[in-house]
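I opened this model to look at its ligand site. I also wanted to check one annotated span.

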Amino acid sequence: MSLSILHEKRSKHQWLGQAVVAVWVDQGGSTQRSSARWDMGSLALSPDPIWKEVTGEFEKQKGKWVKQKCCGPYGHCSPDRGWVEHLETLDSSGAKQMQWLKLSPLVGQLSCFALHSDRAVALLAKHSWDTMCCGDHQNSQLLDGHRALMVLWVVLLCTLVSSLLGGLYVLGVFRRQRPNEPPLDKGTIPWLGYLLEFRKDSSEFLKRMQSKHGNVFTVLIGGYYFTFVMDPFCFGTIVKESRSKLDFRTSATQLVMQVFGYKPTEATHSVVHAASTKHLMGDGLTVLTQATMESFRKLLLFNLSSGEKRVWQEENLFHYCYSIIFRAGYLALYGSEPPGRAGNKERAEEQDRLHSNQLFQEFRKYDRLFPHLAFALLPPKDKREAERLKRHFWNMLSVKKVWQKDSISGWISDQEQLLAENGVPEYMRDRFMFMLLWASQGNTGPTAFWLLFYLLKHPEALKAVRDEVDKVMRESGQEVKAGSPPVTVTRDMLNQTPLLDSALEETLRLVAAPMLVRAVLEDTALRTSSGTEFTLRRGDRVALFPHISVQMNPEIHEEPHKFKYDRFVNPDGTRKEFYRNGKKLKFVSMPWGAGVSTCPGRFFATAEMKLFVFLMLSHFDLELVNEEEETPAIDSSRWGFGTMQPVRDIRFRYRPRF
Ligand code: HEM
């Protein structure tokens with residue numbers, strides 16, 4: 001046989017680039033080694049016909065195949081590259097004729113050792129040469145194609161590796177505590193970390209972490225690293241830190257989007273604050289207090305002067321307080337039915353009572369879903385219900401409907417107009433209206449419930465506050481009597497009730513539990529009261545939970561679990577100051593948050609809740625149905641979202657006082 005191909009052409013050998021076919025050729029009785037490098041890509045395209053043809057030669061020689069898997073002697077064979085088929089042929093006398101090693105690594109390389117069969121060697125070598133022939137234009141095109149294929153493989157592999165690394169990073173596998181950083185606790189579940197425990201009862205979880213790690217610690221919760229700071233002396237630094245370092249909006253935006261479908265714009269925060277400063281404080285608040293008084297008259301006092309007998313009525317206290325305050329606040333802020341449209345004033349008022357009650361029923365449904373919705377942990381059925389309710393509120397509070405109302409508050413109308421001027425589309429402004437409803441009505445009702453409940457549970461407190469209310473009423477020259485004209489409680493009158501103020505502040509200390517969260521935009525240093533310096537890491541969140549760290553802290557408040565109506569007031573009516581280790585504390589209760597995110601509605605909320613209690617105490621006898629009633633447990637799924645709610649309602653009764 002002639003083997004004119006015994007000319008070696010070298011080409012670059014790479015692990016994934018080319019396969020090497022080494023051929024030992026029997027020439028004139030002596031075995032010579034010839035090698036051809038076989039582009040792996042071409043083999044990958046057509047290995048089988050070649051292999052078939054070569055192996056077919058053996059069959060013609062009536063050889064017998066012996067197959068086994070092994071790692072052959074071939075230099076490129078290694079177990080991680082693939083496996084080797086070891087093929088032997090035996091001639092009719094049983095002598096070993098040939099040995100073939102087929103390398104079959106990941107991509108199908110082929111290589112052969114042909115020991116004794118000239119024909120097969122020739123064939124194989126020919127194939128290797130034909131495929132390899134580099135001067136050939138067609139082949140060079142083929143090689144380009146193969147190179148492109150290789151590049152694709154490499155890109156795919158790199159993508160795979162980087163996604164794998166990215167995934168591990170997201171799961172928190174590489175996160176380590178750096179020098180100066182707070183203790184790090186990632187929990188046992190990758191990425192989720194402590195989410196489930198945190199969700200179940202944030203307060204218990206944080207108490208446990210505090211006793212394990214101290215006052216500052218970082219925990220992994222649902223993919224975010226939260227550094228909780230429980231040292232009240234650090235609060236000032238955190239809430240006053242510039243927005244370029246600790247930003248309130250990042251997580252607030254996520255929540256508002258998730259829960260209300262509203263996407264805040266740059267202008268939103270300043271619009272809310274401008275309108276709140278104008279209408280929820282100062283002179284604006286005097287106007288709004290009057291409007292709220294008018295709503296309470298519609299809802300609470302409307303049938304008092306009808307000469308009704310003094311019969312007891314029984315109700316669920318939580319539901320009662322929440323319903324009345326929600327509806328009064330809603331009517332005062334979003335306006336009421338125009339008498340012209342309803343026919344007359346009485347009908348318009350009846351319409352307001354009906355409509356606000358329907359809205360409250362739907363609001364409560366949403367309110368119950370709220371904590372799970374905020375964590376995006378609603379089961380599908382509840383998710384659908386939340387979606388339905390959202391749309392219901394977007395529609396009921398739509399800009400178009402709101403503008404049809406009478407006496408809309410300046411707080412609502414100004415924000416609506418300012419957002420429109422800032423280019424926020426109408427459908428987003430509808431959603432914004434819903435967000436404002438929740439912000440303004442989600443906490444006042446539950447807080448008023450707790451305040452009335454604590455007063456009813458503590459007769460000495462009820463008497464002290466009622467005496468104060470009666471005194472203010474007398475001094476205003478008004479009288480609450482059967483048949484007398486309806487009273488008007490003004491903002492001035494509400495400013496003369498230090499005991500009621502203290503009782504409200506004490507209630508908020510016990511039941512208001514917001515979580516203040518900031519995104520760390522730059523590494524930020526934090527010095528604790530003990531002098532330790534920590535670094536808050538960029539990309540993390542820093543969080544305060546004042547309910548544990550200040551409001552229920554026995555070093556700040558004696559017997560913190562007890563309701564003491566006069567805890568916040570000195571005998572002369574001034575506000576008490578609080579100290580820890582001899583150092584005056586600025587933050588002793590933080591129901592309204594702090595810093596840039598302080599509740600802009602706090603003065604109005606205070607006025608509204610006080611007005612409600614003022615009217616209840618001045619107009620009604622009140623008592624718990626069960627005098628021995630235990631304080632209900634709180635619903636631990638709501639920690640972090642404002643005022644806590646009870647797990648069950650409380651029966652109470654009321655009747656007109658005179
Ligand atoms: C007991 C009643 C209330 C409590 C305990 C309360 C508490 C809070 C807290 C803690 C925040 C800040 C949340 C944070 O830092 O992330 C907040 C924000 C807010 N509150 Fe209140 N609030 C109450 C009533 C009201 C009322 C009556 C209004 C309006 C009429 C109102 C309007 C708002 C608004 C608009 C925000 C968002 C502010 C912003 O985006 O910067 N709140 N509230």
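My entries follow, beginning with the ground rules.

**Ground rules.** This is a predicted model, where local features need pLDDT of at least 70, side-chain atom pairs count only at pLDDT 80 or more, and totals for chains, interfaces and linings use all residues. Residues are numbered from 1 along each chain as its sequence is written, and side-chain values use heavy atoms, without hydrogens and water.

**Iron.** Cys599 is its only protein donor, through SG at 2.3 Å. Donors here are N, O and S atoms within 2.8 Å of the metal (3.2 Å for Na, K and Ca); water is not among the atoms, so sites may look incomplete. I found Cys599 in the loop between strand E17 (583-584) and helix H23 (602-619). Helices (H or I, at least four residues) and strands (E, at least two) are DSSP runs, numbered from the N terminus.

**Shell.** I count 23 residues around the ligand, each with a heavy atom within 4 Å of it. His269, His273, Ala439, Ser597 and Cys599 come nearest. Helices H9 (266-279), H17 (426-441), H18 (444-457) and H23 each supply at least two shell residues.

**Polar contacts** (N or O pairs within 3.5 Å). I checked oxygen atoms of the ligand against side chains. A side-chain N or O atom of Ser597 is 2.8 Å from one. For His269 I read 3.2 Å. For His273 I also read 3.2 Å.

**Annotated span.** The unreviewed UniProt entry marks residues 148-174 and 216-239 as "transmembrane region"; such annotations may be inferred rather than shown by experiment. In the model, residues 216-239 are 21% helix and 50% strand, with end C-alpha atoms 16 Å apart.

Conventions: Polar contact = N/O pair within 3.5 Å; in protein donor to acceptor, adjacent residues only side chain to side chain.
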